[in-house]
Amino acid sequence: MVREFRGEIKLDVRDSTADWDAFLSDKAPAGAPNVLVVLYDDTGQAAWSPYGGRINMPTMDRLAADGLTYSQWHTTALCSPTRSTFLTGRNHHSNGFATISESSTGFPGYNSHIPPENATMANILRDAGWSTYWVGKNHNVPIDEWTAGASKKNWPLAQGYDRFYGFIGGETNNWYPSLAEDNHYIDQPYLPEDGYHLSKDLADQALKMIRDSKQTEPDKPWYMWFCPGANHAPHHAPEEYIAKYKGAFDDGYEAYRDWVVPRMIERGLLPEGTTFGDINPMPDGTFTQTDEVRPWAELDAEEKAMFSRMAEVFAGFSEYTDAQVGRIIDYLEESGQLENTIVIYCADNGASGEGSPNGSVNEGKIFGGYPDDEAQNLTMVDKLGSPDTYNHYPTGWAMAFSAPYKMFKRYTYQGGVCDPMVIHWPAGIRSKGEVRNQYHHSTDIVATILDVCGVEMPTTYAGAEQTPLDGVSMRYSFDAPADGPTQKETQYYEMLGSRGIWHKGWKAVTEHGPMAGMSSFENDTWHLYHTDVDRSEAHDLTAEHPDKVEELKALWLSEAKANKVLPLNDLQIIGNPKDFETFLTMEFKVPVPPSGQYTYYPGTTEVPERSAANVHNVSYKILAEVEITADTEGVIFAAGSRFGGHSLFVKDGQVVYAYNFLGIPPEDHIVAPLPAPGKHVIGVEFTKERMGEFREGVGPLKLHIDDEQVAEQEIRTVMGHFSLCGEGLCIGYDSGDSVSSEYSGSRFEFTGGEIKKVVFDIGDDLYVDVEAHLAAALARD
């Protein structure tokens, strides 16, 4: 806040009076709390031990025993949209986050740029005297601002955070993450063989930030948003944590649901008599087939063993990350800060069904439209969770971990939007170890934090008149009766065409799956549920209360118009050419140079894949101007990882172009002897002559040195992305997880010579990739 200078200014400083208070930052109110928000990904209520689940969460259990567990806390059904509500306290469409950044379209509710009238809570708290930190996942930077040279006005520091350490995008490899610090990309500090795991690194950084603050400003409170990669795929964990769950899920996902729901009822988290329906509760034609659940009884013994192992890995990943959160909590207790730190521990949407009915050892295949080879997957069972896999469990576990609710992530049924949350604040909550059944939503988090901090959202910020907060403070519930009335009245839902609305204990929801391609929204079938008594949406009351249905439909439309929800988008971009073409006219497009050429230089940051020259399913030429010596070795360029990518490098006196097709062995190696010392142009040329059964590009790859073709081999090329996040194009090194097994575990930097530049020339069949491009983008959350 700008304050009036109250000193005195004379000609001579000796006669003048200074006033430091006019220039110093505001201080938080005396006794103001610290705030720690822990936000996991992709986790239904039934997964975790505080809710009766089999996944042990000792830190969360500890906080729940001394705090409150909420049974009716809700989200938007998808990551980026939910996280936008944590940023601003406004509904996700109002923030421009109808969906994830990568699938933005040019409409007010869908562009992924938070408008200035929705100021972030971090800006408000920082101005009010808090230190502000963001550690972990960021999936709220618009796709057009991911690159090193892009504007940083929507990166964390510009959104009010003093420090940021984490990853930009929906997911990252937990063993070889794509990392950013403050406003720039960085390399991971050490490697898995030295004990690295992303969850551990994030906790280390969080502790460092808090300690740095407290040793210099011991009386200044802080707010930290801690967002681990867990439990989003890839599911990676140390083997000792995975081993804890050996055999724990062998009874299968239907049996797990039968087991866990009574435990949830016993704990007071569900009403007595709560029931649930079929594992596939939606009629054929109303949802995508990749969201189906295979009955456990129909699996063979090997499939059951693999599916069980996938759940064990997920559980180990979750508990290991909870242990890292525990390190933060232990420090807060040891340093005397825990008593007056409000901890909000929660998840951003329901369990993920993006693993398809069979799961995968490399989810890039799923999102690239390429079928998994189950026989190959079975050979990788013992490596699940390790750096050798990029795994995701099948839809059956998403159904089970979201029990007793219908469906899972992306759906506006309860399975997509009803999530776990524990709040712990000894200094501000008298009640201990109790359940709260009041209905709340992620939009309420900002209002709650501002309330407990004694800070108000201003009516004007940075010159922009502010929209009112959409959430209500949950503080009233802290010491209210478990079943006391909620102070929230209405919450609309919409995600990828799936719609719902809750109002005063009643919920109406459409029988319309996300990305179902059904259109005809005006003809949607709506179902009505009295969620005060029927949390699982098992009993449709439409016939008994037709007037209530019409009332809620009208209310949904009113809320939709007020929050920029329209136009609705359920485009089925896979398998529906008309929808595909419609999306093409709306998607964000990286400008292509008129020449079709992109030039890259050494000594630069990796280029995010979506902003780099697009070599997927198109013809391309890549020419590298290099100076060679007898000692030359290393990567000329690389993009991707062991799960898909390509690389041009020099090793053992040979030039090698390696194409790694979705991690499926063997790698294609096109090899020629290294030329004599001197200046040379080393290039590759791929000509897409046809498309394979699954739309992969197929054709000859020619290796050139200067004006001579020195090798040729037919290859197939990935139609989607090499990686869903990170692993971008690098010149002179290979970042993160190595593309080729020929130099695994090393950046393999180019030495003993010089790279002048690398030029990519892209063919005119570029349009072919866009469908897969979007499919992979939507997978990021």
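This is a predicted model: local features need pLDDT of at least 70, side-chain atom pairs count only at pLDDT 80 or more; totals for chains, interfaces and linings use all residues.
Local features need pLDDT of at least 70, side-chain atom pairs count only at pLDDT 80 or more, and totals for chains, interfaces and linings use all residues. Residues are numbered from 1 along each chain as its sequence is written, and side-chain values use heavy atoms, leaving out hydrogens and water.

**View 1. Helices H4 and H7 cross at roughly 15 degrees.** H4 spans residues 198-216 and H7 spans residues 301-334. Helices are DSSP runs of H or I with at least four residues; strands are runs of E with at least two; both are numbered from the N terminus. The two axes, lines fitted to C-alpha atoms over the stretch in contact, come within 9 Å. H4 and H7 are therefore roughly parallel (an angle under 35 degrees). Contact means heavy atoms within 4.5 Å. Leu207 and Ile210 are among the H4 residues that meet H7, whose contact residues include Phe317 and Ile328. The contact residues divide into 8 nonpolar, 3 polar and 5 charged.

**View 2. Helix H2 is mostly covered.** Cys79, Phe86 and Leu87 are among them. Just after H2, glycine 89 takes a positive phi of about 80 degrees.

**View 3. Strand E21 pairs with E20 and with E22.** Pairing needs at least two DSSP bridges. E20 and E21 are antiparallel over 7 bridges, and a hairpin joins them through 2 residues. Glycine 634 stands opposite valine 650 in E21. E21 and E22 also pair in the antiparallel sense, over 7 bridges. In their turn, aspartate 652 has a positive phi of about 50 degrees.

How values were computed
Axes are lines fitted to C-alpha atoms, for helices over the stretch in contact, and angles run from 0 to 180 degrees between N-to-C directions. Angles under 35 degrees count as roughly parallel, over 145 as roughly antiparallel, 65 to 115 as roughly perpendicular and the rest as oblique. Ala, Val, Leu, Ile, Met, Phe, Trp, Tyr, Cys and Pro count as nonpolar, Asp, Glu, Lys and Arg as charged, and the others, Gly among them, as polar. Buried means under 20% relative accessible area, exposed over 50%, partly exposed in between (1.4 Å probe, protein chains only).
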